[in-house]
Amino acid sequence: MKFSDVIGHSEKKKAFIQSVSNGRVPHAQLFIGNSGWGTLPLALAYAQYVSCLDRGAEDSCGQCSSCRKYESLTHPDLHFTFPFPREKGEKCSELISNWRKALLEHPYMNLTDWMQLLDAEKKQANIPTAEIRDILKSLSLKPYESAFKVVVIWLPEFLGKEGNILLKAIEEPAHNTLFLLVTENTEKILGTIISRTQPVRIAPIDQDSMREYLNRAPEIEKERADRLAQVSQGDLRNAMQLLSDAESPYFEMFRYWMGVCVTRKMFSIVPWAEKVGAMSRENLKGFFQYGLELMRGILVSSYEESLNTWVGKEADFISKFQNLQIPTSQLEQIIAGMESAMMQIERNARAPLVLTDLSYVVARNLKKM
Ligand SMILES: [Zn+2]
């Protein structure tokens, strides 16, 4: 991965390049930030740049034998350590082909995504002692091809006490060894490891870079790309999640429900509640999150039109809703009702009953006073 493949972070990239050209590469660095901000892609681009045989002033060449092996994550001097479920093996090398495929396709993945890709979302992940010993073993060998041996440890929060076996290697690494640790949560990392690494704080992706990136995706129309850049908080995973929600069937489901409540066709409520209530708890949560976001859109645009960031069919829905002239206090009642219903469902209440009760609250509050 080249620096140019990583979204945003232009200042950080410059700083990395500067440190390499000054010959000041700290041998153990801790990248800190959300997966969706691009911490792992940045660490990889940095490692590729350090190892590139024909470094440019702004990026690795992408062509040399080292870059080509880095691009396919197969460089013999690149070692990956990551958490995985116990039943999948003892060392990361046993899962390396899954890892390469996952990382090449989803470089902004987080642990949940990784566990899903392994078909192990309900399992416990960890970094076993055998893997830690394997890092030491690979460090005991000279670099095969590159000037640098690079060890990328993704989510070192999963190194238990056994992680202390690594301390000496991190503190006094063999010549030209580079440790790149990539974490989401420093509070969960062994203090002994934190104190031996140089922190590299990564910020969320800036809005302009995110907008530019999303606008390059042919399947996302411009208005939606702009809106996603605005609401995704610099996190590519968030943007992708919102994109799939916006294309989900929740809109029709929600629009139909509001129509029934506003026209008070209460005989339609029970069949609707049975149908929607039969969805999985995850989908119900998605439905409520979507509905709440839409209701909040209605509420803020009743104060100030320009605050509405929805586009397309949702924007039409909101503007039709505005014509009902529902007082804001009643909109707030509906939102509170939905929040409480979502909580009840999370606590395993019977969904069709909760949805039926909620519909009466909604219908009551969808009247002009
Ligand atoms: Zn190169």
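Me: What distance separates the centres of domain 1 and domain 3?
Reply: The centres are 44 Å apart, taken over C-alpha atoms. Before going on: this is a predicted model, where local features need pLDDT of at least 70 and side-chain atom pairs count only at pLDDT 80 or more, while totals for chains, interfaces and linings use all residues. Residues are numbered from 1 along each chain as its sequence is written, and side-chain values use heavy atoms, with hydrogens and water left out.

Me: Where do the domains run?
Reply: Domain 1 covers 3–203, domain 2 covers 210–245 and domain 3 covers 249–365. Those bounds come from an automatic or database domain assignment.

Me: Now the metal. Which residues coordinate the zinc ion?
Reply: Cys52, Cys61, Cys64 and Cys67, each through SG, at 2.3 Å. Donors here are N, O and S atoms within 2.8 Å of the metal (3.2 Å for Na, K and Ca); water is not among the atoms, so sites may look incomplete. The spacing in sequence is C-x8-C-x2-C-x2-C.

Me: Why is the arrangement called tetrahedral?
Reply: Because the angles subtended by the 4 donor atoms are 104 to 121 degrees, and four donors count as tetrahedral if all angles lie between 85 and 135 degrees.

Me: Are Cys61 and Cys64 buried or exposed?
Reply: Cys61 is buried at 18% relative accessible area, and Cys64 is buried at 12%. Buried means under 20%, exposed over 50%, partly exposed in between (1.4 Å probe, protein chains only).

Me: Switching to Ile32: which strand is it in?
Reply: Ile32 is in strand β1, residues 28–32. Helices (H or I, at least four residues) and strands (E, at least two) are DSSP runs, numbered from the N terminus. Ile32 is buried too, at 10%.

Me: And what does Ile32 contact beyond its sequence neighbours?
Reply: Leaving out anything within four places in sequence, its contacts (heavy atoms within 4.5 Å) include Thr39, Thr186 and Val200. Ile32 and Thr186 are 154 residues apart in sequence, but 7.3 Å apart C-alpha to C-alpha.

Me: Last topic, aromatics. How many pairs are there?
Reply: The count is 22 aromatic pairs. Rings of Phe, Tyr and Trp (its six-membered ring) pair if their centres lie within 6.5 Å; planes under 30 degrees apart are stacked, over 60 edge-to-face, the rest tilted. Phe3 and Phe16 are a stacked pair, 6.3 Å centre to centre with 10 degrees between the planes.

Me: Which parts does that pair tie together?
Reply: Phe3 lies in the segment before α1 (10–21) and Phe16 in helix α1, so the pair joins parts 13 residues apart in sequence.

How values were computed: Four donors count as tetrahedral if all angles lie between 85 and 135 degrees; four count as square planar and six as octahedral if opposite donors are over 155 degrees apart and all others between 65 and 115; anything else is irregular.
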